[in-house]
Amino acid sequence: MVVLEFLGGLVLIGFLAMLINSLRKRGTDAYIISLIIIDIALLAIIIVPGSLEASLTSIGFARPFDAFISIIAAASFFLAIRSYIRLREVERNITKAVQKAALKSEVKK
Amino acid sequence: MKVIAVIPAYNESKTIAEVVKKASKSADSIVVVDDGSFDGTKDSVLGLGIRNVHLYCHSINRGVGAATSTGIKAALGLGADIVVMLDSDGQHRPEDIPRITGPIRKGEADVVIGSRFLRKADIPMVKRIGNKSLNLITKILYGLRCTDTQSGYKAFSRHAASAIDIKVDRYGVCSEIIGEIKKRKLRVMEVPIDAINIEKKGTTVMDGIEIAIDLVLRRFT
């Protein structure tokens, strides 16, 4: 189990490094930030399960996994709202283009 | 004062000709916005041969909000002093245009809303409840009380038409206009209008639910 946790931790650290690098190149991105938060939460569960459990219990979570699920739920909700806003922007841009084309040429017989 | 009637239309080939013919008697010009129809609505309008009718076509369907916005921009470009919005499905009587534009001509209002609920009318209970619910949501979100927020029969002064910024593409446009009226501090009045064939036309319950959800999300995002 210790070996598995060690390997899992390495993978997560590598993934975290990739995400931070991506953030540096692309600037603030809600998706990357959400993935970073999830990655850190998973790392914390692996690296310091004991201290983590005590801290989480003190704020109302029975197990670290419960806290992880709550973080996932919050991140998913945030991403859903963010996707809705992005989709609305795309729809708006399509409408602007269609309107511009329509106003440019009145249809005559 | 130049009055231009704006009629957004989507697949209304059966009713658009009659609406345009009647509206042309009460307005100086008509602007029809064909919102990507595929039933020959455009041909019905072109076939009328009425001189003061201007037709603009969206290449794809974008919704009544988008068509309304296009129509208002077109009307302002044609020099409208008063812009009247009415539906293309025959729900509204074009003969009411003088009455709905009256308060604007007299300088008493910037926006006039034709309300179906100011006089006794045979409106299905489902529609009444739906309308009242949306009125309440609009009042909570935008702070303006109105008996018929979802009415498509409205008149705007040139100043109001220029000031209002429509961003909603679909049915939520009516509530967005209420929000814009409040935001731009425009003077608004309501006049009674008749509701014609309302049980067969207009928004459905599902449309109403969608409008309500969209209103809340737009207000807070």
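Biologist: How many residues of chain B are in contact with chain A?
Modeller: In this predicted model, 24 residues of chain B are in contact with 16 residues of chain A, where contact means heavy atoms within 4.5 Å. Residues are numbered from 1 along each chain as its sequence is written, and chains are lettered from A in the order in which they are written. Because the model is predicted, local features need pLDDT of at least 70 and side-chain atom pairs count only at pLDDT 80 or more, while totals for chains, interfaces and linings use all residues, and side-chain values use heavy atoms, with hydrogens and water left out.

Biologist: And what area do chain B and chain A bury between them?
Modeller: About 1800 Å², with 57% of it on carbon and sulfur atoms; buried area is the accessible area (1.4 Å probe) that two parts lose on being put together, summed over both.

Biologist: How many salt bridges does the rule find across that interface?
Modeller: The rule finds two salt bridges between chain B and chain A, a salt bridge being a side-chain nitrogen of Lys or Arg within 4 Å of a carboxyl oxygen of Asp or Glu. One of them joins the side chains of Arg62(B) and Glu91(A), at 2.8 Å from N to O.

Biologist: Which elements of chain B give two or more residues to the side that touches chain A?
Modeller: They are helix H2 (41-46), strand S3 (53-58), helix H3 (64-77) and helix H8 (205-220) of chain B, where helices (H or I, at least four residues) and strands (E, at least two) are DSSP runs numbered from the N terminus. The largest share, six residues, comes from S3(B).

Biologist: What about helix H7 of chain B, why is it largely enclosed?
Modeller: Nine of the 11 residues of H7(B), which covers residues 173-183, are buried, so this helix is largely enclosed by the rest of the structure. Among the buried residues are Val173(B), Cys174(B), Glu176(B), Ile177(B) and Glu180(B).

Biologist: And which residue with a positive phi follows H7(B)?
Modeller: That is Lys185(B), whose phi is near 55°.

Definitions and conventions. Buried < 20%, exposed > 50% of the residue type's maximum accessible area, 1.4 Å probe, protein only.
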